[in-house]
Amino acid sequence: MESIKRKSLLYKTGVEYGDYTINHALGCSHGCKYPCYAFLMAKRFGRVKSYEEWIQPKIAINALEILEKEIPKFKDDIKEVHLCFTTDPFMLGYDEVSEMSIEIIKKLNETGIKCTTLTKGILPNELAELNTVNEFGITLVSLDESYREEYEPYASPYIDRIESLKYLHDKGVKTWVSIEPYPTPNIIEQNYDDILDSISFVDKIIFGRTNYNKIISEYKNQKQFYNELAYKTIDYCTKNNIDYHIKEKTITENMPIKNSLSA
Ligand code: SF4
């Protein structure tokens, strides 16, 4: 794969629920079409010219070298480091990226820093051998492969993601799922309960709406729809002793809370 050199790596993110983050690749082979916010920003700021360029990622080859210098500088301020917000740490077809992700996590763990990861690829079994302070997650917004093929065309099949997560859970690793960006029924009719049940073993669930999508903005009942699913998530997590976080602007005012909880 092609490579780039970075001048810096660790930075504090303004993203909700994020502390520090590392993005050690430019682009992402998964090529999501919700659309992918990271791609939109990379295009806007001239880091990539096209979708075709985006899905041929470039690895930051000097990432570990930079990390050596940056860890002492930021160590006291870091609560945790998330991999990644603008690329995927375990993207399909690019073992170099996965291998580097594991090396980065090891390096951060050595200095007592916890890592969280999120992927639409497959979590390597090797993660079970790392420090148990870490939390490893997958994104799961459907169980329908035809939806995955259309919106996450080069990401891993849902079942493979869930199995890799379950493997880690069974080894005593902390696991989580991001159900975001969740599609509205005018894009796909699906049973939300089935999605929750497929990941009932995890330690944490994050739920969030889809933004920046024209088809969803045309769905008239979107506020009520997201309110109901957000409260269903809270209800499910509370009953099953799972931590949860509902992303900002997913719950809006004037919603029939009681109905959604009893749905
Ligand atoms: S996996 Fe994440 S970074 Fe990669 S294309 Fe999809 S949304 Fe973008």
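**View 1. Overall fold of the predicted chain.** The model has 10 helices and 11 strands (DSSP runs numbered from the N terminus; helices are H or I with at least four residues, strands are E with at least two). The radius of gyration is 18 Å, close to the 18 Å of the globule rule for 263 residues, so the chain is as compact as a globular protein of that length. That radius is taken over C-alpha atoms, and the rule is 2.2 Å times the number of residues to the power 0.38. Along the principal axes, the C-alpha atoms fill a box of roughly 55 × 40 × 30 Å. This is a predicted model: local features need pLDDT of at least 70, side-chain atom pairs count only at pLDDT 80 or more, and totals for chains, interfaces and linings use all residues. Residues are numbered from 1 along each chain as its sequence is written, and side-chain values use heavy atoms, without hydrogens or water.

**View 2. The loop at Tyr 212.** Tyr 212 lies in the loop between β10 (204-209) and α8 (214-217). Tyr 212 counts as exposed because its relative accessibility is 58% (exposed is over 50%, buried under 20%, partly exposed in between; 1.4 Å probe, protein chains only). Buried residues make up 53% of the 263 in the chain.

View 3. Where pLDDT is low, predicted coordinates should not be read in detail. The chain's mean pLDDT is 93.

Key:
pLDDT is the predictor's confidence in each residue, from 0 to 100.
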